[in-house]
Number of protein chains: 2
Amino acid sequence: MEWIGGGVTAAKGFMAAGMHCGIRPNKAKNDLALICAEAPCTSAGLFTTNKVKADPVMLDMETIRGGHCQAILANSGIANACAPNGRKHAEEMQALAAKALGLSPDKVLVGSTGVIGQELPIGPVRDHIGELKALLTEKPEGSDAAAHAIMTTDTRKKELAVRTTIAGKTVTIGGISKGSGMIHPNMGTMLCYLTTDAAIAPDMLRKALLAVCRVTFNRISVDGDTSTNDSLIILADGLAGNPEITAENENYFAFVDALKTLCTELARRMARDGEGAKHLITCTVSGARSKEEAETLAKSVIHSTLTKAAIFGCDANWGRVLCALGYSGVDFDPKDVDVAFASKAGQIEVCAGGVGIVFDEDKAKKILSEEEVEILVDMHEGEAAVTCWGCDLTYDYVKINGDYRT
Amino acid sequence: MEWIGGGVTAAKGFMAAGMHCGIRPNKAKNDLALICAEAPCTSAGLFTTNKVKADPVMLDMETIRGGHCQAILANSGIANACAPNGRKHAEEMQALAAKALGLSPDKVLVGSTGVIGQELPIGPVRDHIGELKALLTEKPEGSDAAAHAIMTTDTRKKELAVRTTIAGKTVTIGGISKGSGMIHPNMGTMLCYLTTDAAIAPDMLRKALLAVCRVTFNRISVDGDTSTNDSLIILADGLAGNPEITAENENYFAFVDALKTLCTELARRMARDGEGAKHLITCTVSGARSKEEAETLAKSVIHSTLTKAAIFGCDANWGRVLCALGYSGVDFDPKDVDVAFASKAGQIEVCAGGVGIVFDEDKAKKILSEEEVEILVDMHEGEAAVTCWGCDLTYDYVKINGDYRT
């Protein structure tokens, strides 16, 4: 397996484009993205578990049931959630893209991200869909422009692709995603669009997406708020020429492996680019009695507001880590727990057997001053280990979210 | 029922004192509090549900089983949680207070609050317990000094008392509490010490404390972190002369009513004084199918990081309120939900039937600029209503918690 360029257009047969159509006031910022496969695709999607779902999410949940979607039109700036004429505008976005691409509407998915509750200005989409389609045809490798078009408060684009070999054939999986605030995914995560040329049956594609989402996007948290718009979609056009994956065999696991590698890195980058974040926090809980308990414990740590603020201050305040483990709901004996902090600057043990140990504060500060910081917890109760990702809580998070709408 | 002064020494027969003994470096800050009743008491306590409990909490849980504690010695600065010699120091605090007061150790409760994981310096307590006892005798009305002695990052002391009449007798309940960060109580909340001269049997006292805690302290959240040290303790010396409350009769409900009035205001002040807070947020969810659902929904709103940041920015971003309702776990139809913001500057409807309505942004900003802000949610699904309290997320919260230990 290797990392390659090209993002969502790295896999054979996929085109993408992005542009500024006018939903956002800032003309320098792309706000409309189009992804399309040349050939019919197998498709699968996972969506937010929030009871309040944006209209494009509800429409996609119906559309994707067919399992053969081929294109995605997405905008940033307005979430089209709890908004007047939400359903109507989502359907018009679908119809506009279908017409421009010469596809039937039930082959087109739509996505929106941005402010909740305001009406989506459909005019700019209507006026520019032709231009966007032209861009797609002229410069089909517009993954970068599409990745930028779905960004909101993100400071870095998330665009990656991996290449692997399945049954002797080169298979590529690429993706773009966005996500900066309101990140605490459950079953799906913000907007993440994946494309692959693997040949895979719809049920196996869905199974693979679900399995990978559980251990990647569902293990990150920025602020504990699960968005109304979370969508994770994969399109597979089969052009790699591998024998179609129809069962949980060696080929399926090779595909899952590549998908997991891609999604792990997209998820990490989403956590790293959490609103206002200065640090990526990686928490690994090992020695737990089960994967489920390890995950609950690790999530409680990365979600702890106080731990996040301590990491922002490069303060080795491990007591807050122990506190977060304690209220996670998992039963354990605090006297078994060890805690250490690590980064590329080194590793330092700070708590052994549930009790603080004397440590070099200067060394700890140096370790925690790195951009990526690890919190290592050993429960000494079993064999299970899980890693979750989060980010620190900073002045900028408060600033960004104190006045997001204006 | 009326509000009176005197805090924890308002009820007949209670004495309190506070001083700086040297656990904290700042000599201007009290760090040791003593509360004692002249007569034997009935007592009840509720403690943190965190698996990681501070040693004084574990010791109190054993001590209070007898139901007849009479004194409390508490320090701030060091939490004595996950700390070397934690049990030993908690027991020594208990023994020191018992000896100074001439009580048996099983009549004395202890409490600690502050940094987790560092050893409690017991020397200053040992050296100053005599002086503290002398203060208690000379100036028994030292509720103010005791309230200050348990404060950590609190900016305002919490010290209140109410007077009511039970069976023709004047009954007083007073209390002091602290709590600023790590506030997301579950069964108890930070340090809160209540005293009353009501005559009440141990089982009824415990029942009353539990019932009131559920609808007061358990309905506030500052940061979602449940502390290792939460303790809510009540001592009742019976000197009011009312017939002892031994059943759920009229007198019991009069007592619960007064206790609830007192604890509601202590809880509100704790939320208002949340670390760095500029606003008290009151969220009332009405029209829910049950009290349980209303509480889950209201808690989800006051706990939403994004909603808290929006209130800091005086931004009427009601979409985040709807989003928080949506991921609360309660099943409901978003199309039924109305949202309004209110304060003493007025009220403004911002969402009707799950969809945004056009509103006057200037008026909304004015309403949200008040210190106390209300979020009013109507689910239109039933008759139940619940109010919860929280605070906004500010730069100062991040600042305070980015470097708490130093």
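This is a predicted model: local features need pLDDT of at least 70, side-chain atom pairs count only at pLDDT 80 or more; totals for chains, interfaces and linings use all residues.
**Entry 1: the A/B interface**

I started with where the two chains meet: 52 residues of chain A are in contact with 52 residues of chain B. I count two residues as in contact if their C-beta atoms, placed from the backbone, lie within 7 Å. Residues are numbered from 1 along each chain as its sequence is written, while chains are lettered from A and ligands numbered from 1 in the order in which they are written.

Next I looked up which elements of chain A face chain B. Helix H8 (305–312), helix H9 (318–326), strand S15 (355–356) and helix H11 (395–402) each supply at least two residues of that side. H9(A) gives the largest share, 7 residues. For the naming, helices (H or I, at least four residues) and strands (E, at least two) are DSSP runs, numbered from the N terminus.

I then sorted the chain A side by residue class and got 26 nonpolar, 19 polar and 7 charged. Here Ala, Val, Leu, Ile, Met, Phe, Trp, Tyr, Cys and Pro count as nonpolar, Asp, Glu, Lys and Arg as charged, and the others, Gly among them, as polar.

**Entry 2: symmetry**

How are the copies related? Two copies of a chain are related by a rotation about an axis and a shift along it.

**Entry 3: chain A overall**

I find 11 helices and 17 strands in chain A. Its radius of gyration is 22 Å, close to the 22 Å that the globule rule gives for 406 residues, so chain A is as compact as a globular protein of that length. That radius is taken over C-alpha atoms, and the rule is 2.2 Å times the number of residues to the power 0.38. Along the principal axes, the C-alpha atoms of chain A fill a box of roughly 70 × 50 × 35 Å.

Of the 406 residues, 63% count as buried. My cut-offs: a residue is buried if 20 or more other C-beta atoms lie within 10 Å of its own, exposed if 12 or fewer, and partly exposed in between, with C-beta atoms placed from the backbone. Of the contacts in chain A with a separation of 6 or more, 80% come from residues 24 or more positions apart.

**Entry 4: two domains in chain A**

Chain A is divided into domain 1 (2–272) and domain 2 (280–402). Those bounds come from an automatic or database domain assignment. The domain centres, taken over C-alpha atoms, are separated by 32 Å. I count 11 residues of domain 1 in contact with 11 residues of domain 2. On the domain 1 side, strand S10 (220–221) and helix H6 (250–272) give two or more residues each, and H6(A) has the largest share with 4 residues. That side divides into 4 nonpolar, 4 polar and 3 charged.

**Entry 5: A:Glu295**

I picked out A:Glu295, which sits in helix H7 (residues 291–303) of chain A. Is A:Glu295 buried or exposed? It counts as buried because it has 23 C-beta neighbours inside 10 Å. Leaving out residues up to four places away in sequence, A:Glu295 touches A:Arg219, A:Val386 and A:Cys388. The C-alpha atoms of A:Glu295 and A:Thr387 are separated by 7.3 Å, though the two are 92 residues apart along the chain.

**Entry 6: a covered strand in chain B**

I went through strand S2 (residues 14–19) of chain B and found 6 of its 6 residues buried. B:Phe14, B:Ala16 and B:Gly18 point one way, and B:Met15, B:Ala17 and B:Met19 the other way. S2(B) runs antiparallel to strand S3 (residues 32–37) of chain B, joined by 6 bridges; I take two strands as paired if DSSP finds at least two bridges between them. B:Phe14 stands opposite B:Ala37.

**Entry 7: positive phi**

A:Cys314, in the loop between H8 and H9 of chain A, has a positive phi of about 50° although it is not a glycine. With 20 C-beta neighbours inside 10 Å, A:Cys314 counts as buried. B:His380 also has a positive phi of about 50° without being a glycine. It lies in the loop between strand S16 (372–378) and strand S17 (384–391) of chain B, and its 14 C-beta neighbours inside 10 Å make it partly exposed.
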